[in-house]
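Thanks for making time this morning. I would like to walk through one model with you, going from its overall division down to a few individual residues.

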Amino acid sequence: MKALAGGYARARDVPHALDLLAASDGGGRILAGGQSLIAAMNMRLSEGDMLIDISRILSLSGVIDEGDSMRIGALTRHASVGADPLIRRHAPLLADAVDYIAHAAIRNRGTIGGALAHADPAAEFPACAVALGATIHAEGPFGPREIAAEDFFEDVFTTALAEDEILTAVSVPKAGQGEAQILEEIARRSGDYALTGLCLVKRASGHRIVMFSAGPTPLLAGAAMAALDAGDLDGAVAALADALDPPSDTQASAAYRKHIAGVLLRRAVARIGEQQA
Ligand SMILES: Cc1cc2nc3c(=O)[nH]c(=O)nc-3n(C[C@H](O)[C@H](O)[C@H](O)COP(=O)(O)OP(=O)(O)OC[C@H]3O[C@@H](n4cnc5c(N)ncnc54)[C@H](O)[C@@H]3O)c2cc1C
């Protein structure tokens, strides 16, 4: 099947993109890497849209060192996130996540802003952003605003972005001394979306555990984090199972997803132990 014909306009810069969005009367769809949007249009899950192509807006690409944090432009492609020396050094979770996302062709086109705005519950970058305590930058007709990643993902494919806003960047704090960042997931085949995945960040201030592909949004598992802070791994595994209410689908049952959440947590904790031994 092919997408139905709709409109197309290439934005010169962010103000131009915002003007095009405002003029589209709710029918505008931002086109970044196109890896999810075009597939959805081909399947007629998204029809008759006015495509607003932001892919040539140079100011939305690249990584800026901002001292204690890094600002990653929305159009920074997955492959560039994985290869960027600043990100590899200061937010290894994001760089490691790239190896789990799809295949090389998709990683060469897909953008971090697209992955965050798309808010697929099985995607890696949204979970990483919550685990790292990232900040999402958006721009709309009333200027820029910042949204904590924890508040950004509202439901399946639904975010706090307003219809007339564009995601422009994500800021990620740099890892502190001795911080460990681990991503673990189980997928049927390399490059498939995760059946269930987990991000674990161990900071001086405590642990952060975020599950993905286990519910409608990335889940920050507070009780499991508290148990891990207290050194109680069995308690953390039990708390994680209590916190999850994953779906059953053709890929995996809810019971299996709950089970592997605990397996992934034990693996991640063991990897941190090996790293810090
Ligand atoms: C076969 C296949 C396998 C995949 N496997 C994985 C996987 O394992 N893990 C994973 O995480 N992802 C996976 N993906 C998705 C891939 O990572 C996408 O590239 C990504 O989700 C969307 O990025 P994009 O730049 O292509 O966005 P697009 O497809 O261009 O846009 C996606 C959505 O976000 C909106 N959008 C995009 N950018 C912005 C912005 N700056 N501001 C506001 N709205 C915006 C669009 O309007 C659209 O609704 C897979 C995709 C395919 C086709």
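The chain is divided into domain 1 (7–53), domain 2 (64–173) and domain 3 (180–276), with bounds that come from an automatic or database domain assignment. Taken over C-alpha atoms, the centres of domain 1 and domain 3 are separated by 35 Å.

Before the details, please keep in mind that this is a predicted model, in which local features need pLDDT of at least 70 and side-chain atom pairs count only at pLDDT 80 or more, while totals for chains, interfaces and linings use all residues. Residues are numbered from 1 along each chain as its sequence is written, and side-chain values use heavy atoms, with hydrogens and water left out.

Let me turn to helix α11 (residues 233–243) and helix α12 (residues 254–276), which pack at an angle of about 145° with their axes 9 Å apart. Helices here are DSSP runs of H or I with at least four residues, strands are runs of E with at least two, and both are numbered from the N terminus. The axes are lines fitted to C-alpha atoms, for helices over the stretch in contact, and the angles run from 0 to 180 degrees between N-to-C directions. On the α11 side, the residues that meet α12 include Leu233, Val237 and Leu240, and among their counterparts in α12 are Ala261, Leu265 and Val269, where contact means heavy atoms within 4.5 Å.

Next comes helix α8 (residues 124–132), which is largely enclosed by the rest of the structure, because nine of its nine residues are buried; buried means under 20% relative accessible area, exposed over 50%, and partly exposed in between, with a 1.4 Å probe and protein chains only. Just after α8, Gly133 takes a positive phi of about 70°.

For Cys128, the nearest cysteine sulfur is that of Cys199, 4.1 Å away. Cys128 has a relative accessible area of 0%, and Cys199, at 0% relative accessibility, also counts as buried.

Finally, is Glu146 buried or exposed? Glu146, which lies in strand β7 (residues 143–148), is exposed, with a relative accessible area of 60%. Leaving aside neighbours within four places in sequence, Glu146 is in contact with Thr135, Ile136 and His137.

Terms used. Disulfide = S-S within 2.5 Å.
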